[in-house]
Amino acid sequence: MNMDLALGLVRVTEAAAINASKYMGRGDKNAADEAAVEGMRAMFDSLPIKGTVVIGEGEMDEAPMLYIGEVLGSGDYEVDIAVDPLDGTSFVAKGMPNALAVVAIAEKGSLLHAPDMYMEKLVVGPKARGVVSLDAPLSENIINVAKALNKDVSNVTVVIQDRPRHKHLMDEVRKVNARLKLFNDGDIQEALATCFDESGVDIMVGIGGAPEGVITAAAVKCIGGDFQGRLFPTNDEEKKRCFDMGITDLSRVMQLDDIVKSDDVYFAATGVSDGDILKGVVFLGKDRAKTSSIVMRAKTGTIRYINAIHNLSKRGY
């Protein structure tokens with residue numbers, strides 16, 4: 001893929017983030033999400049790609065969402081697109097931190113077409129790659145990560161979504177006296193935090209959305225971390241969807257290369273509200289706004305942080 005796509009993808013997430021941030025604290029998560037979608041779709045049309053959305057927000061009849069199967073871009077180079085125009089819609093509605101606009105693209109056919117169901121996930125950063133397993137007890141994984149990071153177990157931080165289904169995981173963390181950080185929604189940013197030393201987060205584990213899992217896996221591959229996932233159907237219909245995808249062994253753990261098959265993958269994100277990795281959108285007055293973004297490419301291992309000041313009247317946001 002063309003290296004110039006990196007900056008183009010940042011423009012896509014910047015547009016989504018700026019649009020969504022206008023609804024900060026207004027109590028309307030649907031309006032914030034729709035605004036993010038509109039900004040993202042319009043900016044995608046300027047990219048020299050022919051991208052098919054394989055991870056999106058719904059089906060074609062659910063527009064204005066970026067629907068699965070939608071074709072975006074103005075070129076002819078075919079790629080897979082995974083999007084979450086606003087990860088953390090409720091955060092924006094309530095004026096809370098950790099909302100992101102995210103997108104990943106990869107060579108056509110290389111991203112897992114994850115159905116809209118749950119997935120078990122385990123994420124660690126580059127220094128702990130290869131020392132964890134989704135089949136192992138969490139307490140064992142924590143001990144192995146502590147050794148890999150040259151930390152005391154008591155200083156390893158595990159982040160888990162605060163849900164009753166995760167009580168057994170929380171108990172495992174406490175059993176070995178590790179640190180536990182809980183979050184409510186938006187697991188993409190929490191998972192990414194494991195790959196950055198300054199975040200203080202070492203492991204993300206739990207059951208969350210499979211589509212978000214694929215987007216996270218794309219980002220983790222760019223950084224060199226480790227992601228493992230296992231689809232977690234909750235009824236017969238979801239089991240059938242797995243079988244239709246060719247996944248007959250529902251106990252099988254998918255490794256990172258199973259979920260993101262190519263190294264030619266990009267990930268970009270822009271903060272909507274302040275988070276562990278990125279600052280949120282700040283309106284400066286005189287029709288200007290400041291954004292904080294990250295863009296990464298697995299093939300080169302490049303990670304770029306981009307702070308930008310936008311003249312909103314000239315950009316049409």
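Predicted model: local features only at pLDDT ≥ 70, side-chain atom pairs only at ≥ 80, totals over all residues.
The chain has a mean pLDDT of 92, and 96% of its residues reach 70 or more. Among the elements of the chain, H4 has the highest mean pLDDT, 98, while helix H10 (residues 312–315) has the lowest, 82.

If neighbours within four places in sequence are set aside, Asn-307 is in contact with Lys-290, Thr-291 and Ser-292.

What does the side chain of Asn-141 have within reach at 2.9 Å? A polar atom of that side chain lies 2.9 Å from the backbone oxygen of Ser-133. Ser-133 is also one of the residues in contact with Asn-141 beyond four places in sequence, and the others are Leu-122, Val-131, Val-132, Ala-136 and Ile-203. For Leu-122, which is 19 residues away along the chain, the C-alpha separation from Asn-141 is 9.8 Å.

Gln-189 is the second case. The side chain of Gln-189 reaches the backbone oxygen of Asn-98 at 3.4 Å. Beyond four places in sequence, the contacts of Gln-189 include Asp-87, Asn-98, Ala-99 and Leu-100, and also Gly-275, Asp-276, Ile-277 and Leu-278.

**Salt bridges**

The count of salt bridges comes to 18.

| Lys | Asp | N to O distance |
|---|---|---|
| Lys-121 | Asp-187 | 2.7 Å |
| Lys-151 | Asp-202 | 3.0 Å |
| Lys-279 | Asp-274 | 3.3 Å |

Take the salt bridge between Lys-121 and Asp-187, at 2.7 Å. Lys-121 lies in strand E5 (residues 118–124) and Asp-187 in helix H6, so this pair ties together parts that are 66 residues apart in sequence. Are these two partners buried or exposed? Both Lys-121 and Asp-187 are buried.

The salt bridge of Lys-151 with Asp-202, at 3.0 Å, also links distant parts of the chain, 51 residues apart. Lys-151 is in the loop between helix H4 (138–149) and strand E6 (157–161), and Asp-202 is in the loop between H6 and strand E8 (203–209). The two ends of this pair fall into separate accessibility classes: Lys-151 is partly exposed at 31%, whereas Asp-202 counts as buried at 8%.

In the pair of Asp-274 and Lys-279, with 3.3 Å from N to O, Asp-274 is partly exposed, having a relative accessibility of 37%. Elsewhere, salt bridges that share partners join Glu-120, Asp-135 and Arg-230 into one network.

**A nonpolar surface patch**

Which residues form a nonpolar patch on the surface? They are Val-282, Leu-284 and Ile-309, which together have about 240 Å² of accessible area. Val-282 is placed in strand E11, residues 282–285. With a relative accessible area of 39%, Val-282 is partly exposed, and the cut-off for patch residues is over 30%.

**Two positive phi angles**

Most residues other than glycine have a negative phi. Asn-177 is not a glycine, yet its phi is positive, at about 65°. Asn-177 is found in the loop between helix H5 (167–175) and strand E7 (179–183), and is exposed with a relative accessible area of 55%.

Lys-286, likewise not a glycine, has a positive phi of about 55°. Its place is in the loop between E11 and strand E12 (288–297). Lys-286 is exposed, with a relative accessible area of 79%.

Note on methods: Residues numbered from 1 in each chain as written. Heavy atoms only, no water. Polar contact = N/O pair within 3.5 Å; in protein donor to acceptor, adjacent residues only side chain to side chain. Contact = heavy atoms within 4.5 Å. Salt bridge = Lys/Arg side-chain N within 4 Å of Asp/Glu carboxyl O. Helix = DSSP H or I, 4+ residues; strand = E, 2+ residues; numbered from the N terminus. Buried < 20%, exposed > 50% of the residue type's maximum accessible area, 1.4 Å probe, protein only. Patch = residues over 30% accessible without salt bridge, like charges linked within 9 Å, V, L, I, M, F, W, Y side chains within 5 Å. Areas by Shrake-Rupley, 256 points an atom, 1.4 Å probe, with all protein chains shown as cover. pLDDT = per-residue confidence, 0-100.
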